[in-house]
Amino acid sequence: MISTQINETALVNQAQNGDRNAYGELVRTHSQGVLNVVYRMCGNKHLAEDAAQEAFIQAWLKLSSYQPRASFRSWLYRIAVNSAIDMLRKEKRILPDAVEDYFLMDPSPGPESMLASTERAELVRKAIVTLPDASRAVLVLREYEGLSYQEIAETIDIPIGTVMSRLNYARKLLKEKLKMHLFSYAEAEHV
Amino acid sequence: MSDHILEQLGPYLDGELHGKSLQKVKLHLTECITCQEEYTSLENLSATLQEAPLPDFPSPEDFASDLALLLPRKPALPIREKALEFGWWLAPIGLIAIWMFISTTNLVSGAITFANSLGVLNDTSTWLVSGSAPETYWSAALGQFGFLSGNNLQIAEMAEAITRITIPQIVWQVSLATLYLSWMAIWWARHERQGLGQALES
């Protein structure tokens, strides 16, 4: 873990001096995380890919301003979250994802379970995307990237207390939006 | 029954509670049905969110390759480095400007002195030459002590006067030329190194 951090610090230093290969290595390391974050923020595959590219370009341009006080990942995720929000504002409307864009959790789904799975995914996606930006960012970083409250606070530059309250608020809203679905999920779990 | 601890259930679920807070929530959950239900609903919500699939994104290799084509040539420099870079390109212009200023000053000074020696300048223009005539300390001192006299004293005074004018000029010009050539040498070395770096990258 420590050697990984040292290696990353070295790569960041090299990239700050204009080394494109070093930056390419950082991109390979963090691309999936950034894509995941922006996808959960945007709710659309193509928007997410554009937002992720934009985030990495912005990060390259702002690389000289990065201070290693916070982790590179936190710094990058902050740019990614802002990029996703900007992208959504530009698009104005939320584009529905094509069904074939999804990985299906069940390797051999029947037509009914496939439909149910797609519907559930669509419900969850819409519920997340309609959250307020600030709460959505905190929720995505916690639920999908598994960041600690401290890391989220560093990433979004807010106090830990605010992370907690935004997360509670996001979960409260989501529970209301997904009430029926959560109820059926709980029933299925008990069967 | 104690008060509900609904606000603490999220941090508890996320593993963010420690010590006494953690023990308090654990104990409370064993005895409060409302908080138990709330905690279960939070667990279900988290499981539902985790269940939502991700689309098929490009692999890290493909993503990095595509991005490499879009990246601008160099990352932006910080302000301090920008100032240094600006100063670096300003240096030769500054040296040339200093050289031109000194040369012009010397030329004008020489012209005024020459004009004065020809008697072209009238009384109102004499302030231009006041102080411009070279002083001759050493030859005057040698004359006072009787070491030099007549033509020898005049030649010595002239030699001292010429030395006093020309040596500083030569020193200035050589210094400026050295600085300028040093800048050119550093620029050439940097240019060569960048060329080598690009050749290695390609």
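Which helix of chain A is Ala137(A) found in? Ala137(A) belongs to helix H6 of chain A, residues 133-143; helices here are DSSP runs (H or I, at least four residues), numbered from the N terminus.

## About the model

This is a predicted model, where local features need pLDDT of at least 70, side-chain atom pairs count only at pLDDT 80 or more, and totals for chains, interfaces and linings use all residues. Residues are numbered from 1 along each chain as its sequence is written, chains are lettered from A and ligands numbered from 1 in the order in which they are written, and side-chain values use heavy atoms, with hydrogens and water left out.

## Helix H6 of chain A

Let's stay with Ala137(A). With a relative accessible area of 4%, Ala137(A) is buried (buried means under 20%, exposed over 50% and partly exposed in between, using a 1.4 Å probe and protein chains only). Leaving aside residues up to four places away in sequence, Ala137(A) touches Met41(A), Val81(A) and Ile156(A), where contact means heavy atoms within 4.5 Å. Ile156(A) is 19 residues from Ala137(A) along the chain, and their C-alpha atoms are separated by 8.3 Å.

H6(A) is largely enclosed by the rest of the structure, because nine of its 11 residues are buried. Among the buried residues are Ser135(A), Arg136(A), Val138(A) and Glu143(A).

## Where chain B meets chain A

The contact draws 41 residues from chain B and 49 residues from chain A. About 4400 Å² is buried between the two chains, and carbon and sulfur atoms give 63% of that; buried area is the accessible area (1.4 Å probe) that two parts lose on being put together, summed over both.

Between chain B and chain A the count is four salt bridges (a side-chain nitrogen of Lys or Arg within 4 Å of a carboxyl oxygen of Asp or Glu). The side chains of Arg171(A) and Asp14(B) meet in a salt bridge, at 2.8 Å from N to O. On the chain B side, helix H1 (6-13), helix H3 (33-51) and helix H4 (60-70) each supply at least two residues that touch chain A. H3(B) gives the largest share of that side, with 11 residues.

## An exposed residue on chain B

Buried or exposed: how does Phe86(B) count? Phe86(B) lies in helix H5 of chain B, residues 79-118, and counts as exposed at 57% relative accessibility.
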